Amino acid sequence: MPHMSVRNVSPENHEWLHATRPPGLTLSEHIDALLSGLRADEDSSLPPAPVVQLHPDSFTFIDLFAGIGGFHMAMRANGGQCVFANEWDRFARETYRSWTSHEVDNRDIRLIPVDTIPDHDVLCGGFPCQPFSIAGVSKKNSLGRAHGFDDERQGNLFFAIRDIIREKQPKVIILENVKNLKSHDKGKTFRVISSEINDLGYEMREQIVDAQGWVPQHRERIFMVCFRRDAFTPEEIESFSFPKPPKRTPKMRSILEKTPVDIKYTLTEGLWTYLQEYAAKHRAKGNGFGYGLVGPDDVSRTMSARYYKDGSEILISRGEGQTPRRLTPAEASRLMGYKERFAVLMDKPEGFPQVVSDTQAYKQFGNSVCPLVVEAIGAEVVKVLQARQARLQTSQAI
Ligand SMILES: C[S@@+](CC[C@H](N)C(=O)[O-])C[C@H]1O[C@@H](n2cnc3c(N)ncnc32)[C@H](O)[C@@H]1O
């Protein structure tokens with residue numbers, strides 16, 4: 001009998017299965033026992049078993065470097081079920097647990113025995129940006145330290161992902177990183193990643209996607225979507241394409257508070273003067289870096305994990321002669337695409353609560369992926385998974 005896994009079960013049946021699972025049996029073993037006609041539980045007072053329905057769209061995924069769950073909700077919106085999440089930052093885990101109601105493994109990913117990670121169809125991971133980002137590289141170089149794969153603490157994280165892929169052989173891998181991953185270390189870093197993925201038996205498609213199509217923020221990230229060659233036909237893999245952004249680009253107006261904002265978000269005169277002088281100094285030297293002032297009809301710069309420091313990359317204009325203000329955490333959440341409909345999907349009809357300090361919240365958003373972009377990419381991946389499923393069903397029927 002084919003092994004029936006939990007991912008093929010509809011939510012109602014899932015609940016029933018949990019309620020009737022005898023202690024000591026895993027859910028999969030319970031399903032296997034039910035399906036082979038060996039009722040694992042002999043208690044005749046139990047309600048009759050519903051017919052276990054296959055969910056053609058359902059798939060399982062794991063969420064590595066889980067942050068606050070950008071991948072989680074995007075993949076859930078596509079019919080996926082999370083079977084494992086890992087994140088070592090305590091505050092990010094607090095948000096993740098509150099927003100997704102899903103447990104998060106707290107270990108350093110490099111210390112997890114790979115064979116303890118559950119089987120899954122799709123591996124998701126937005127691995128840390130720092131060693132590969134322009135800011136990270138120049139800062140580390142200036143300290144005379146190595147970067148990329150030479151950086152023991154961060155660079156090796158890709159190899160932790162590789163080890164999981166090698167052991168678990170997911171059908172699809174979705175990785176995300178900063179845009180300059182491709183040019184980092186004269187292209188060597190990306191070449192190593194691509195060749196490792198290729199050697200593991202996967203076909204990689206990569207694209208830089210700007211979240212600007214979905215949210216009023218210019219945020220370019222590289223997405224790598226990889227298909228296991230022995231799980232898909234070449235035509236199925238070829239059928240994958242990255243999503244086109246929606247036609248109408250949203251503007252800041254769509255995420256800004258409609259009511260007056262607490263004065264604590266307004267910059268002090270001192271900080272505003274400092275930022276203006278700093279920008280003028282850099283302009284004189286021919287450098288473009290300075291603050292980014294936006295109004296309701298604009299699109300913002302990329303929100304970074306350092307936003308909590310002075311908020312300089314995205315300042316909201318309060319009109320001529322007024323000091324600007326920074327985004328509130330709720331605005332930052334909307335700017336990242338954490339839409340109400342995701343909150344509803346996560347069973348939080350009142351919206352996502354802020355369970356950490358403002359500082360932590362800004363850091364978490366700056367580090368996060370835009371779930372709307374992942375949702376759109378995930379929808380294209382699901383089409384390929386469905387094509388595969390249809391092919392397998394047809395071949396079984398013959
Ligand atoms: C770029 S962020 C990913 C954010 C996530 N995609 C989201 O939507 O919020 C990378 C995350 O990896 C976590 N991380 C970094 N090194 C780690 C490690 N060795 N083990 C586990 N988590 C790690 C960081 O705490 C951070 O939250």
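Let me begin with a term: helices (H or I, at least four residues) and strands (E, at least two) are DSSP runs, numbered from the N terminus. By that count, the protein chain has 14 helices and nine strands.

A word on the model before we look around. It is predicted, so to speak of local features we need pLDDT of at least 70, and side-chain atom pairs count only at pLDDT 80 or more, while totals for chains, interfaces and linings use all residues. Residue numbers start from 1 along each chain, as its sequence is written.

Now, the chain as a whole. I call a residue buried if 20 or more other C-beta atoms lie within 10 Å of its own, exposed if 12 or fewer, and partly exposed in between, with C-beta atoms placed from the backbone. Of the 398 residues of the protein chain, 37% are buried. Two residues are in contact if their C-beta atoms, again placed from the backbone, lie within 7 Å. Among contacts with a separation of 6 or more, 69% are between residues 24 or more positions apart.

Let's turn to the strands. Two of them pair if DSSP finds at least two bridges between them. Strand S6, residues 220–228, pairs with strand S4, residues 172–178, in the antiparallel sense over seven bridges. One place to look is Leu175, whose bridge partner in S6 is Met224. S6 also runs antiparallel to strand S5, residues 202–210, and nine bridges join them. There, Glu203 has Phe227 of S6 as its bridge partner.

Further along is an open sheet of three strands, in the order S7-S8-S9, with mixed pairing. Strand S7 (293–294) and strand S9 (325–326) stand at the edges with a single partner strand each, so one side of each has no neighbour in the sheet. S9 and strand S8, residues 315–316, run antiparallel and are joined by two bridges; Ile316 has Arg325 as its bridge partner in S9.

Next, a helix. How many of the 10 residues of H13 are buried? Seven are, so to say, under cover in this helix, which spans residues 358–367. Among them are Tyr362, Phe365 and Asn367. The buried residues of H13 pack against helix H4 (90–100), helix H10 (307–310) and helix H11 (329–335).

Last stop, the ligand. A residue is near it if its C-beta atom, placed from the backbone, lies within 6 Å. Of the 20 residues around the ligand, Phe65, Gly67, Gly70, Gly126 and Ser368 come nearest. The shell divides into 10 nonpolar, six polar and four charged residues, where Ala, Val, Leu, Ile, Met, Phe, Trp, Tyr, Cys and Pro count as nonpolar, Asp, Glu, Lys and Arg as charged, and the others, Gly among them, as polar.
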